[in-house]
Amino acid sequence: MAAEKLRDLTQPIDVGLLDATVAAFYGTGSKEERTAADQILRDLQNNPDMWLQVVHILQSTKSLNTKFFALQVLEGVIKYRWNALPVEQRDGMKNYISDVIVQLSSNEASFRMERLYVNKLNIILVQILKHDWPARWRGFIPDLVSAAKTSETICENCMAILKLLSEEVFDFSRGEMTQQKIKELKQSLNSEFQLIHELCLYVLSASQRTELIRATLSTLHAFLSWIPLGYIFESPLLETLLKFFPVPSYRNLTLQCLTEVAALSFGDFYNGQYVKMYTIFMVQLQTILPPTTNIPEAYAHGSGEEQAFIQNLALFFTSFYKSHIRVLETSPENTTALLLGLEYLINISYVDDTEVFKVCLDYWNSLVLELFEAHHNLENPAVAASMMGLQMHLPPGMVDGLGSPLMQRRQLYAGPMSKLRLLMICRMAKPEEVLIVEDENGNIVRETMKDNDVLVQYKIMRETLIYLSHLDHDDTEKQMLKKLSKQLSGEDWTWNNLNTLCWAIGSISGSMMEEQENRFLVMVIRDLLNLCEITKGKDNKAVIASNIMYVVGQYPRFLRAHWKFLKTVVNKLFEFMHETHPGVQDMACDTFLKIVQKCKRKFVIVQVGENEPFVSELLTGLPTTVADLEPHQIHTFYESVGNMIQAESDPQKRDEYLQRLMELPNKKWAEIIGQARLSVDFLKDQEVIRTVLNILQTNTSVASSLGTYFLPQISLIFLDMLNVYRMYSELISNSIAEGGPFASKTSYVKLLRSVKRETLKLIETFLDKAEDQPQIGKQFVPPMMDPVLGDYARNLPDARESEVLSLFATIINKYKGAMVDDVPRIFEAVFQCTLEMITRNFEDYPEHRLKFFSLLRAIATHCFPALIHLSSQQLKLVMDSIIWAFRHTERNIAETGLNLLLEMLKNFQNSEFCNQFYRTYFLTIEQEIFAVLTDTFHKPGFKLHVLVLQHLFCLVETGLLTEPLWDVATVAYPYPNNAIFAREYTIKLLSTSFPNMTAAEVTQFVNGLFESRNDLSTFKNHIRDFLVQSKEFSAQDNKDLYAEEAAAQRERERQRMLSIPGLIAPNEIQDEMLDS
């Protein structure tokens, strides 16, 4: 192939041939030619001498793609090798690039034609500047400014270069340049800004050329956030910008610039200018967009430019108000302008566009929070004073007077807040519990995917609406009831209107006083039930049903206090359980469970006017109630009834209810077992297997809500269940032995395994929930040893159930030290064979991995003596598996491994084998932990890595380790003690791992670690600094290193939310006590 001779770079490159190769790569040739061209171009790009041909190529080629290829080569050199090049080569390149840019941008025709090429050259120039300016290219800004004054097109391009420079230094520099370099560039830009400022003002006042003015505004926009304030407020800049605002072609760019100015916040020095700017702006805005405009409609039909204008307007208002709303509250004419602006913002909030709405919502949330906090703190005058910015000592008589500025401020905002309530009600986002949605064809269907954006939006809107409700409960109630009456009268009836209204009603649960809430809800529920009666049509009914269920599920306090309503609601839910519309039955079962968990006592006592407790009535009608439900819905239903029975304190009644509840499944189970006694083959039928699975799942659901009280039921089926387990296990093994590895994928084997899993899950659920009664353990654990543990060991790897591991982990966590004697047996059955399955690679058997380490951790925590009696071979296996676990990139496996390691380290430290253990494992563990700490794949484990290192360094300094950690046979030099050896060893370990760090840096780090070992936070920061310094973590996302601090911040936020009624929904608060 002719192109091969391109590889020879000793003479000038054949540009025609290069053009052809680039063209072949971009797809004019066949697939083979493309691949060959790709290979040649890659090799050229990697050739260190290729860049010397760049000027020759740029001068000779006409192809834009070839030019881009040459510039790509050059960019690589500038990024990675620039400072190593000789001075004359650097200067030559700089001058050449500058000349080409000037030449191409000096006349209109070439500038427009070569636009893409010039843009790329600008980027290259800025990359060079990042290295050479200011030190090696002092005159850059003065030269640029004087060139700009020679022609309008050059000026336009200079603006583009300045904008790029600003973005590189201020926006994209993190992780690309050192902090020192960024600081130096910022100072240079600041000190030379005067020239740029004069140039911009000169262009804006003198030029008539649209493109140039647009480029200048765009550059200003990039600069405004960081330039010294005098350039903005003590120069004609603001007036000039406001002059350009009414001109359609500059409107959006000017608005973006004004938004940058509005967002600056630095004390009160320029308040006067801000008021003036806002007032002029509002006058102009009313001509551009009259206040009577229907903004959502205008947005829907507007052009791209007009839509961008509305978006920018939202950004302007929200930025201005966030920093400067207080200056506008000072005089009547200012407040008029302020209220008008808020009116605009509320209208913009109705625009049907998520991004616009997010901007508005974010601001409304912060404004309402600020007003609410002042209102909330009125009880505490000193706090209120500091909120108002009145830092002063209050004389006793002042307290009443203080209420008045706060009250005035609340009255000022009362109008906008009322409109905001309506906005929140009309646009409320969908909560997680609602499963019924409208699809794009307008049909009502069951939701298939959770939309996280909507959930985040719901959370913010809910919070905002709760603050609004606290500011004025009556207005909130009035607006909601008015909207609801319009639904009933039909004048406002649509699915969406009803949905958003009910979601809003549900979201403010807990924010009103109980008396008001009761009155409000009686009306709401009554109206919704009426609406359900009078509305025709299946879809309509489904929407109303979903809303009734959502609202009642949000108000447990109300239902507990009103038995009649509670009973009506539950019976309504039973009605919905026969409604086959997709999603309605699911939601009915979920809501039933939610209500029962919060009100369970109410169902087991005889209520006024009734003959028996509701639970008894329910059990009588149970077969008809569940007749139309799917199996998974029946399980939820059974779990709910289990919750009711659990609330019954009389053991005799409780057992009777349980027996009545389990009557249907038990009858079926007895039939199946009876048939199986006649012929075992009966159990092999697929339908029978399905029935067995369903019966077991029903049992698990009830066990999960009944706990210890489930004992009589599980005792009834336990031994038969183990026999079925053993039989199905043999069937599985035979199928896999005969059919090979693919047999484990057949639906028959999968079904059999589901039964085994469900059996294990049922036993685990029961033992986990049952109270700590040793006799339960004695009754259930021994019979399982062979059918479950023995079976696990005998099975083929593909037929082993990971649930066996989690079941025994649960048993050990439950019965703790009592299990010590059984540990060797458990170990023998699962340890070796599971390790063989999971250590081949990091992918196979993911379920077994996690559960295996959880089992080990349970043993290490509760049955440590059993570990000490392992042979050293077995202990080595355990330690290797732990190291293997925390090397895992799967986060939860690594975390379980690290937690397990910490347990082992602490337990061995306190045992008589302390020296023996640490002599064998101290150095290995330290080395392995440093390996995962510094490799950037294991950042989430940072907190635990730090704890392990801290443990090791503290231990070595205590002198508990009396035998040398080093190998006496090979190390000739005897260290005075282990602490000194450990320092030396750590320094050596890190020096070899990080050759880019000096010996002094490493020594300083290690000494710092040993000195700060007793203070966790200093120790942790010390390690963080080292990670950044070692360059392993520079340009990446390091939030995992700060995860712990973030968690503490979240907990503080939760405590704040708990102090405000309604912010944490009543159905999320654990309130067992309230139910009595």
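This is a predicted model: local features need pLDDT of at least 70, side-chain atom pairs count only at pLDDT 80 or more; totals for chains, interfaces and linings use all residues.
**Core**

I looked up the largest nonpolar core and found that it holds 355 residues. Phe281, Phe317, Tyr321 and Trp364 are the members that touch the most others.

I took phenylalanine 317 for a closer look. Setting aside neighbours within four places in sequence, I list its contacts as Tyr278, Phe281, Met282, Leu285, Gly341, Tyr344 and Leu345. Phe281, one of these contacts, is also among the core members with the most touches. I noted for background that nonpolar side chains tend to be buried together in soluble globular proteins.

**Aromatic pairs**

I searched the whole structure and got 56 aromatic pairs. Tyrosine 270 is buried, at 8%.

I also checked tryptophan 966 with phenylalanine 981. This pair is tilted, with 5.4 Å between centres and 50° between planes. Tryptophan 966 sits in the loop between helix H48 (942-958) and helix H49 (978-993), while phenylalanine 981 is in helix H49, so I recorded the pair as linking distant parts of the chain, 15 residues apart. Tryptophan 966 is buried at 10% relative accessible area, and phenylalanine 981 is buried at 7% relative accessibility.

**Charges over rings**

I found arginine 654 over the face of tyrosine 709, 3.4 Å from the ring centre. Lysine 756 lies over the face of tyrosine 725, and here the distance to the ring centre is 5.2 Å.

**Annotated segment**

I looked up the UniProt record, an unreviewed entry, which places "domain: Importin N-terminal" at residues 37-103. In the model I read that stretch as 78% helix and 0% strand. Its end C-alpha atoms are 32 Å apart.

**Cysteines**

How many disulfides are there? I counted zero. I checked cysteine 257 to see why: its closest cysteine sulfur, in cysteine 200, is 9.4 Å away, too far for a bond, given a cut-off of 2.5 Å. Cysteine 257 is buried, with 0% relative accessible area. Cysteine 589 is in no disulfide either, and the nearest cysteine sulfur, in cysteine 532, is 17 Å off. Cysteine 589 is buried too, at 1% relative accessibility.

Terms used: Residues are numbered from 1 along each chain as its sequence is written. Side-chain values use heavy atoms; hydrogens and water are left out. A nonpolar core is a set of buried Ala, Val, Leu, Ile, Met, Phe, Trp, Tyr and Cys residues joined through side-chain atoms within 4.5 Å. Buried means under 20% relative accessible area, exposed over 50%, partly exposed in between (1.4 Å probe, protein chains only). Contact means heavy atoms within 4.5 Å. Rings of Phe, Tyr and Trp (its six-membered ring) pair if their centres lie within 6.5 Å; planes under 30 degrees apart count as stacked, over 60 as edge-to-face and the rest as tilted. Helices (H or I, at least four residues) and strands (E, at least two) are DSSP runs, numbered from the N terminus. A charge sits over a ring if NZ of Lys or CZ of Arg is within 6 Å of the ring centre and within 35 degrees of the ring normal. UniProt positions are given in the numbering used here, feature names are shortened, and annotations may be inferred rather than shown by experiment.
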